Amino acid sequence: MERAILVNLSTSAQEKAEAEDSLEELAGLVRAAGGEVVLRTHQSRPKASPRHFIGKGKVEELAGAAADLRADLIVFDHNLTPVQQRSLEERLDLKVIDRTQLILDIFAQRAHSNEGKLQVELAQLSYLLPRLVGRGTALSRLGGGIGTRGPGEKKLEEDRRRIQDRIAKIKREIKGLQQRRANQRQSRKRSPLPVVSLVGYTSAGKSTLFNTLSREHVFTSAMLFATLDPVLRRVYFSDGLYFLLSDTVGFIRKLPVELITSFQATLEEIRESDCICHIIDLTSPQADERAEAVERILAQIQAGGIPLIRVYNKVDLLPNADELLALNEPRAGEGRVYLSAATGQGTADLKRLLLEILFRDMRLFHVRLAAGERALIDQLAVRGVILKASENADHVDLTLMARPEAVRGFLPGLSEGEKPC
């Protein structure tokens, strides 16, 4: 386990006020990467130093602390320029990484699918390419560990042209994966089945809620970024109606631009959703700030116009849980639900709200097809959701959920039932 010193710099009153929370989050990232935090330190200055980011005196202080604490690396809670990173490593004789490199390292550990691994490698190489000049000796001296996983030292020591060729190759492969995903989404669009995406700050409880709703057993953990590869499953209502639920990677403040760029194929799943459930950890002291960070990213990836439900999670850990759950009945406002993904409290209220949002334009239809019309069943399945089917020698009876305009012209004289509720 590598021993890490964390460094935060504030150049404004707001950054100074947020410094402690930001360092706590950085410590969580280090633990998620497999490291141990031995010291947290902060400095305030009017602006960052072009050469060392922090002041010369602070650099000397870090050198002494690193020696006393036998630290293996220094982690900055900011993005460093290539010059700043090289200057710090030369002076401290230690591995120096920034927040982006740390997050990319965690992603390198957590990616399991071929697509996830490609996206992580693209993000890492895009980040490291401008830092290759003069880095070969430093990388050899500093060795492996946190911040050097993924492409590996061998790739990082290749010349710039080969790195660029590798980036181009990965982009082509990802483009093929994007096309395949686009085709899958197009197929889903031809189906009336809606898709709901779970989004939220990392560790907000998305995967736990995913398991509760879908009755699946996706891996969950209190560690940051436990979920990286998206998962899609069906969620059923009591009447047989269902929708597709997608669990996605957690967001975080200062999400590296390299990740947003490289994970376009994954983020497009969110952008194509019919509804977004934004999971918010009520127990976090920074719940409001984290919620704002997530919704800024949603706007950044052009998903801000999709119907959104704010799902306030972990009410079971609060003393006023019953009061909060009571706000769900009757609803205090559309698009808000209090629940506990761990215990299941309040999830029925979430499903009722989803039913209203996803199927508000649909109606129940009762269809009787003659024995010779059975071929129409497949066509009806494309236009709506078949909830029930019973057949005998003479005919087939179907209960269909569909938008009226999708089926009336197709089969005139349908018997329209009630709106789902």
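In which helix does Glu-15 lie? Glu-15 lies in helix H1, and the legends below begin with an overview of the chain.

**Figure 1. Overview of the predicted model.** This is a predicted model, in which local features need pLDDT of at least 70 and side-chain atom pairs count only at pLDDT 80 or more, whereas totals for chains, interfaces and linings use all residues. Residues are numbered from 1 along each chain as its sequence is written, and side-chain values use heavy atoms, with hydrogens and water left out. The protein chain contains 16 helices and 14 strands (DSSP runs numbered from the N terminus: helices are H or I of at least four residues, strands are E of at least two). Of its 421 residues, 52% count as buried (buried is under 20% relative accessible area, exposed over 50% and partly exposed in between, with a 1.4 Å probe and protein chains only). The chain exposes about 19,600 Å², of which carbon and sulfur atoms supply 49% (accessible areas are from the Shrake-Rupley method with a 1.4 Å probe; for residues, only the protein chains shown count as cover). Among contacts (heavy atoms within 4.5 Å) between residues at least 6 apart in sequence, 70% join residues at least 24 apart.

Figure 2. The whole structure holds 15 salt bridges (a side-chain nitrogen of Lys or Arg within 4 Å of a carboxyl oxygen of Asp or Glu).

**Figure 3. Asp-281 and Lys-314 form a salt bridge.** The N to O distance is 3.2 Å. This pair links distant parts of the chain, 33 residues apart: Asp-281 is in strand E8 (residues 275–281), and Lys-314 is in the loop between strand E9 (308–313) and helix H13 (321–326). Asp-281 counts as buried, because its relative accessibility is 13%.

**Figure 4. Glu-295 and Arg-310 form a salt bridge.** The closest N and O atoms are 2.8 Å apart. Glu-295 in helix H12 (residues 287–300) and Arg-310 in strand E9 are 15 residues apart, and the pair links distant parts of the chain. Glu-295 is partly exposed at 23% relative accessibility; Arg-310 is partly exposed at 32%.

**Figure 5. Arg-99 takes part in a network of salt bridges.** The network links Arg-99 with Glu-25, Asp-77 and Arg-290. Arg-99 lies in helix H4 (residues 99–110) and counts as buried, because its relative accessibility is 2%. Leaving aside neighbours within four places in sequence, the contacts of Arg-99 include Glu-25, Asp-77, Phe-76, Ile-252 and Lys-254.

**Figure 6. A patch of negative charge lies on the surface.** Its members are Glu-15, Glu-18, Asp-288, Glu-289 and Glu-292. Patches are made of residues with over 30% relative accessible area and no salt bridge; like charges are joined within 9 Å, and nonpolar side chains (Val, Leu, Ile, Met, Phe, Trp, Tyr) within 5 Å. Asp and Glu count as negative and Lys and Arg as positive, with His and the chain ends not counted; the place of a charge is NZ of Lys, CZ of Arg, CG of Asp or CD of Glu. Helix H1 (13–33) and H12 are the elements that give two or more residues to this patch, and H12 gives the most, with 3 residues. Glu-15 is partly exposed at 35% relative accessibility.
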